[in-house]
Amino acid sequence: MQRFLALLVLAFFRCNSIRVLPNATELVLPPGRDKVSTLATEVGLLQAITRLQLARNSFSGSLATEIGLLSMIRAQFDLGHNLFTGELPSELGKLSGLTGSFSIQSQSFRGNVITELGELRECTK
């Protein structure tokens, strides 16, 4: 049920409105959206999620610093194969409890690799 609610939240992203579901444990959007859109900064309000899977969905723009508020993520953090640009936010280092996979591959990020990624010591890949 909580996973379904998180999917519902993503539908609101397209309308520039979000309904906070503080008990949602997974934020998953199946791959394949062709419409390019930004990932709303309000995603940081979903602080109970343990899995974030938004790969291959044409999200664009900068990755908001609010992504670091998702410190409960343990199982998966996957934003791979989107269209993100700009610099990686140092707040990614706050995901230090992540023990599953971490993916930000195939993006157009610029700048140096942030040292804060060194805090993700328990990631499996």
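Two rings of Phe, Tyr or Trp count as an aromatic pair if their centres lie within 6.5 Å, and this predicted model holds 3 such pairs.

**View 1. Phe 77 and Phe 102, an aromatic pair between two strands.** The ring centres of Phe 77 and Phe 102 lie 5.3 Å apart with their planes at 10°, and because planes under 30 degrees apart count as stacked, this pair is stacked. Phe 77 belongs to strand 5 and Phe 102 to strand 7, so that the pair links distant parts of the chain, 25 residues apart. Both of these residues, Phe 77 and Phe 102, are buried.

**View 2. Phe 84 and Phe 109, a stacked pair.** Here the rings of Phe 84 and Phe 109 are 6.4 Å apart from centre to centre, with 5° between the planes. Phe 84 is part of strand 6 (residues 83-86) and Phe 109 is part of strand 8, so the pair ties together parts that are 25 residues apart in sequence. Phe 84 is buried at 1% relative accessibility, whereas Phe 109, with a relative accessible area of 23%, is partly exposed. Ring pairs also bring in Phe 59, which forms a cluster with Phe 84 and Phe 109.

**View 3. Gln 107 in the loop between strand 7 (101-103) and strand 8 (108-109).** Gln 107 is buried, with a relative accessible area of 18%. The side chain of Gln 107 reaches the backbone oxygen of Leu 79 at 2.6 Å and the backbone nitrogen of Phe 84 at 3.0 Å. Beyond its neighbours within four places in sequence, Gln 107 is in contact with residues including Gly 80, His 81, Asn 82 and Leu 83.

Definitions and conventions:
Residues are numbered from 1 along each chain as its sequence is written. This is a predicted model: local features need pLDDT of at least 70, side-chain atom pairs count only at pLDDT 80 or more; totals for chains, interfaces and linings use all residues. Side-chain values use heavy atoms; hydrogens and water are left out. Helices (H or I, at least four residues) and strands (E, at least two) are DSSP runs, numbered from the N terminus. Buried means under 20% relative accessible area, exposed over 50%, partly exposed in between (1.4 Å probe, protein chains only). A polar contact is a pair of N or O atoms within 3.5 Å; within protein, one must be able to donate a hydrogen and the other to accept it, and residues adjacent in sequence count only if both atoms are side-chain atoms. Contact means heavy atoms within 4.5 Å. Rings of Phe, Tyr and Trp (its six-membered ring) pair if their centres lie within 6.5 Å; planes under 30 degrees apart count as stacked, over 60 as edge-to-face and the rest as tilted.
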